Amino acid sequence: MTGTNQRDTARPGPPTAPATGRTRLGLCSVTYRRLPAIEVARYAAHAGLEVIEWGADVHAPAQEPRTVRTVRAVSDRYGLTCCSYGSYFRATPEELAGFPAVARAATLLGAARVRVWAGGTGSQHVLPEERHQTVRCLREAARIAADHGLTLATEFHGGTLTDTVASTVRLLDEVDADNVHTYWQPPLDLPDEEALAGLVQLGARVTAVHAFSWWPGNTRRPLAEREALWTRALALLDGRGMEALLEFVPGDDPAVLTREAASLRHAAGQTLSPQT
C-alpha cells in the first residue's frame, strides 16, 4: 500500500470528453475518513479524479470554519472542485437552527450542493407527524440553501424517507422546492435490472450518484465486478452534467483508488488526456 510519503506529483489532465454535459468523476471523502484531508486530495488527484464531496463528519465540520477554509485550500492546491458538501443534516426540528452554518460551510468550500438526509426513519415505519416535520424542515433548509445559491440533494438510503424510489418521489413532491433533488446509488442486494429501473423512474430528479460495488449485502468488491451496472447507469446519466462519486472502496484502501477510478472512467466511456 502506498502511504503518506507518496510522491507529490502533478495530477493527470482532465478527461478528454466534451465539457458540456459530461459526467464529472470524483470521490466522497468519507471513503477515507481516517486520512487527513490533504492525503485524501492527493490520492484523488493522483487517480485523475476532478471533483470531491467533502464530508462534514471528519474533514470539514460545519462548526469549524477555519478547518473548512483549510480544506478548500487543499482542494485548490490539487486542482479539485468541491461539487458537494456531505452533511449529516437529517431535517429534524432540533437540527434546523444549525443549518445556516452548514450552508456557510458549503459556500466556503465552493460547493454548489449540500447532501442532506430525509429524516431518520424508513418510509414504511414513519409516523405522519414525523414525516410532516421532515418535509417542513427540508423545505426550510431549501429556502436557506437558496439564499446561499445552493441546491440540496437527499441521500438515497435505507432508514430514511428516501429508502425507495416511490417514497423519494413522494417526498420531493411534498417538499416542492426547485433546488431539492436526490442522489442515487444501487440499493443493497437489488438486481441490476431493478436498480436501473429505479434510476430511470427518478429521472431528472437525480443530481449525482455514489458509485460502489457491493454484493451481496455490504460486501465490498472492485467496481469492475459490477461493470455492466455502472456502464448502463452512467449511460443513462450521460449529457446531464452531473457527478459520479466513488464511495467506500474495498478495504478502505487508498492504494486501490487509481484502479477504481480507472474502472469508473471506463464505465463512463472517458479517457484521461496526457499528463500536463
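Guide: Here are some labels, each set against its cut-off. This is a predicted model, where local features need pLDDT of at least 70, side-chain atom pairs count only at pLDDT 80 or more, and totals for chains, interfaces and linings use all residues. Residues are numbered from 1 along each chain as its sequence is written, and side-chain values use heavy atoms, leaving out hydrogens and water.

Visitor: Why is Thr160 called buried?

Guide: Its relative accessible area is 0%, and buried means under 20% (exposed is over 50%, partly exposed in between; 1.4 Å probe, protein chains only). So Thr160 counts as buried.

Visitor: What makes the Thr160 and Thr162 pair a polar contact?

Guide: Their side chains are joined at 3.0 Å. The rule asks for a pair of N or O atoms within 3.5 Å, one able to donate a hydrogen and the other to accept it; residues adjacent in sequence count only if both atoms are side-chain atoms. So 3.0 Å passes the distance cut-off.

Visitor: How do you know that strand S4 pairs with S5?

Guide: DSSP must find at least two bridges between two strands (DSSP E runs of at least two residues, numbered from the N terminus). S4 (residues 113-116) and S5 have 4 and run parallel, so they pair. Val114 stands opposite Leu152 in S5.

Visitor: Which strands make up the closed barrel?

Guide: There are 8, running S1-S2-S3-S4-S5-S6-S7-S8 with parallel pairing. The twist averages 30° from one strand to the next.

How values were computed:
Axes are lines fitted to C-alpha atoms, for helices over the stretch in contact, and angles run from 0 to 180 degrees between N-to-C directions.
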